[in-house]
Amino acid sequence: MLVLHSSRPRHVVVLTLFFLLLTSTSFARSPYPAWDWIEHYYENPQPEKFITSIYELSRNGYFELPGHTVLAMGFIASVFRDNPDQLDEWLLYCRSLPDSHKRLIVSALWCSGHPKGEEYLRFYAESVVGPRMASRLLRTLESSPPLTTRTIDSSRVVYFRWGAFMATGDVESLTEIFLALNSIEGLTASDRWWIARKASRHQDVVAHCRAELDRAPSPLRESMETVIISADLTDSPSS
């Protein structure tokens with residue numbers, strides 16, 4: 001029998017998460033093949049499906065779901081980093097995406113830390129978008145690309161790092177995300193449940209949480225418990 005050690009009463013955690021499950025529109029079983037491709041990419045990496053999947057995700061509203069723009073940025077940045085030989089071809093074929101999704105692709109390239117990232121983002125900011133968006137994009141160049149640092153200091157970075165995890169399945173990154181959920185000031189309960197729901201749809205993540213729960217330090221254990229409760233509420237994570 002699983003014994004939970006969270007500082008929050010179990011019934012409070014369950015009721016809060018159950019309410020969020022009822023009101024959420026982004027956790028239904030993946031309705032399109034490309035949604036499974038991105039959500040479970042690390043389980044069976046298929047970079048050859050990148051272009052067809054990105055266009056399907058674009059057409060079917062995946063990038064517009066809550067949190068998914070930043071999540072997708074983290075995912076795409078990681079795939080770019082791991083497939084540098086494919087970049088030129090992929091960027092060429094992405095030219096016909098809607099403007100907002102082209103901006104996502106260019107931003108992800110910069111986030112990956114690839115040498116072309118700053119060049120493409122600067123060109124996009126100075127030649128394609130309006131002054132307000134250009135100023136916003138150029139300000140990002142003053143910081144380090146997210147994939148080149150392990151710092152997690154905001155909800156936006158948490159979402160980004162979850163997207164990167166979907167591309168790599170890196171356990172160390174998963175641990176850093178779970179620790180951040182209970183250490184970042186300003187992170188809302190909704191943000192924590194959002195990540196927990198995403199994580200609970202991965203069988204190996206749930207299995208990892210169950211196996212490591214008893215020996216995990218308190219902040220990490222709380223996040224693992226929430227993932228396990230989420231998985232239990234939906235019977236089993238999707239495959």
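Start by selecting glutamate 118 and arginine 122: both sit in helix H7 (residues 116-127), four residues apart, about one turn of the helix. Helices here are DSSP runs of H or I with at least four residues, strands are runs of E with at least two, and both are numbered from the N terminus. Show the two side chains and you will find them meeting in a salt bridge, 3.1 Å from N to O. That term stands for a side-chain nitrogen of Lys or Arg within 4 Å of a carboxyl oxygen of Asp or Glu. Glutamate 118 is partly exposed, at a relative accessible area of 40%, and arginine 122 is partly exposed too, at 34%. For these labels, buried is under 20% relative accessible area, exposed is over 50%, and partly exposed lies in between, using a 1.4 Å probe and protein chains only.

A word on what you are viewing: this is a predicted model, in which local features need pLDDT of at least 70 and side-chain atom pairs count only at pLDDT 80 or more, while totals for chains, interfaces and linings use all residues. Residues are numbered from 1 along each chain as its sequence is written, and side-chain values use heavy atoms, with hydrogens and water left out.

**The whole chain**

Zoom out and colour by secondary structure. The chain has 13 helices and zero strands. Of its 239 residues, 48% count as buried. Among contacts (heavy atoms within 4.5 Å) between residues at least 6 apart in sequence, 69% join residues at least 24 apart.

Side chains of opposite charge can pair when their charged atoms come close. The count of salt bridges comes to 10. For another one, select aspartate 99 and lysine 102, whose closest N and O atoms are 3.4 Å apart. They are three residues apart in helix H6, which separates them by about one helical turn. Lysine 102 is partly exposed, at 25% relative accessibility.

Next, pick glutamate 176 and arginine 161, which form a salt bridge at 2.3 Å, N to O. This pair links distant parts of the chain, with glutamate 176 in helix H10 and arginine 161 in helix H9, 15 residues apart. Are glutamate 176 and arginine 161 buried or exposed? Both are buried.

**Serine 107 in H6**

Go back to helix H6 (residues 99-111) and centre on serine 107. This serine counts as buried, at 10% relative accessibility. Look for the side chain of serine 107 reaching the backbone oxygen of arginine 103 at 2.8 Å. Leaving aside neighbours within four places in sequence, serine 107 is in contact with Met73, Leu121 and Leu137.

**Helix H3 and its cover**

Now select helix H3 (residues 50-59). Eight of its 10 residues are buried, so H3 is largely enclosed by the rest of the structure. The buried ones are Phe50, Ile51, Ser53, Ile54, Tyr55, Glu56, Leu57 and Ser58. To see what covers them, show helix H2 (33-39), helix H4 (68-82), helix H5 (87-93) and H6, which are included in that cover. Just after H3, glycine 61 takes a positive phi of about 80°.

Not counting residues up to four places away in sequence, it touches Trp37, Ile76, Val79, Phe80, Trp90 and Cys94. Which residues touch the most other members of the largest nonpolar core? They are Phe50, Phe80 and Phe178, in a core of 74 residues. A nonpolar core is a set of buried Ala, Val, Leu, Ile, Met, Phe, Trp, Tyr and Cys residues joined through side-chain atoms within 4.5 Å.

**Last stop: helix H12**

Finish with cysteine 209, in helix H12 (residues 203-212). Cysteine 209 is buried, with a relative accessible area of 0%. Apart from residues up to four places away in sequence, it touches Phe178, Met224, Val227 and Ile228. The C-alpha atoms of cysteine 209 and isoleucine 228 are separated by 7.0 Å, though the two are 19 residues apart along the chain.

Methods. Polar contact = N/O pair within 3.5 Å; in protein donor to acceptor, adjacent residues only side chain to side chain.
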